[in-house]
Amino acid sequence: MPAASGRDVEVVVADNDSTTADELRAVTEAAGARFVAVGANLGYGAAVNRAVATLAPEVRWVLVSNPDVVLEPSALDRMVATAESDPTIGAVGPKLLETDGQVYPSARLVPSLRTGLGHAVFANVWQDNPWTRRYRQDGDHTGRRDAGWLSGACVLVRRDVFDRLGGFDEGFFMYFEDVDLGWRIGRSGYRNVYEPAAVATHVGGTATQGSSDRMRRAHHESAYRFLAQKYSAWWLWPLRVALRVALTVRARATHTR
């Protein structure tokens with residue numbers, strides 16, 4: 001992936017207490033990268049936070065990336081150029097492709113109760129429903145645009161904004177930590193920008209999403225946690241109950257499919 005940038009780039013690999021840590025450390029250091037042992041499996045966001053905390057203060061931009069993401073030539077430089085073009089930009093995400101060349105909808109709206117409930121109830125039985133299409137921002141992926149949040153599989157974040165917000169919320173063990181970060185970036189007055197001129201391919205993660213009962217449960221629990229925090233007013237409790245029921249039904253439906 002050296003062709004992704006013409007700049008000097010520091011690469012940090014965070015390991016969530018894998019069973020092959022010694023081997024991974026050797027491979028990482030042989031490639032000129034730095035290895036950070038988290039010491040326990042604390043989740044994706046927590047591992048990223050630990051890695052970012054080791055960076056020097058002068059590092060201005062942080063690229064958060066899954067290990068199975070491959071950046072195309074100049075992709076990182078294009079993301080940085082977009083970010084530096086406007087001081088109100090807090091995060092930039094590339095066009096994220098799946099291995100078959102299809103565009104993964106990685107730049108979406110922040111889910112609301114309406115889109116959240118509609119997507120939760122109908123996504124698996126009516127894939128082209130209007131709530132899911134609106135949430136995923138389906139359509140033309142060729143133009144730069146603002147988004148509510150950007151996939152944490154590959155996203156460039158302004159370092160001072162990341163630090164000011166406390167990084168990822170470590171209460172999300174798996175899923176929705178990127179939704180939450182994008183939402184908080186927007187609330188703090190910064191923009192989340194989708195930049196299709198930068199292209200990356202996600203080799204494995206999107207294909208396996210939801211492939212196990214544990215992952216399905218984690219996804220739905222994280223979805224509820226995010227929306228319950230976003231709509232935490234006491235008088236919204238009936239909607240939170242409806243959301244909990246809808247997500248429970250969806251989790252059971254996906255389990256039986």
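A cavity here is a set of points, on a 1 Å grid over the protein atoms alone, where a 1.4 Å probe fits but cannot get out. This is a predicted model, in which local features need pLDDT of at least 70, side-chain atom pairs count only at pLDDT 80 or more, and totals for chains, interfaces and linings use all residues. Residues are numbered from 1 along each chain as its sequence is written, and side-chain values use heavy atoms, with hydrogens and water left out.

**Cavity**
- A search of the whole structure turns up one cavity of 30 Å³ or more.
- The largest cavity holds about 60 Å³ of space, a volume being the space filled by probe spheres set on the grid points, which are joined across faces, edges and corners.
- Its lining residues (an atom within 4 Å of a point) include Ala91, Phe168 and Asn192.
- Helix H7 (177-187) gives the most to this lining, with four residues.

**Overall build**
- The chain has ten helices and eleven strands; these are DSSP runs (helices H or I, at least four residues; strands E, at least two), numbered from the N terminus.
- Of the 257 residues, 46% are buried, meaning under 20% relative accessible area with a 1.4 Å probe, protein chains only.

**Helix H9**
- H9 (residues 213-230) has 18 residues and reaches 26 Å from its first C-alpha to its last, close to the 26 Å expected at 1.5 Å a residue, taken as 1.5 Å times one less than its number of residues.
- Among the buried residues of H9 are Met215, His219 and Phe226.

Notes. Buried < 20%, exposed > 50% of the residue type's maximum accessible area, 1.4 Å probe, protein only. 1 Å grid on protein atoms, 1.4 Å probe; cavity = no way out; pocket = protein on both sides within 12 Å on 5 of 7 lines; lining within 4 Å.
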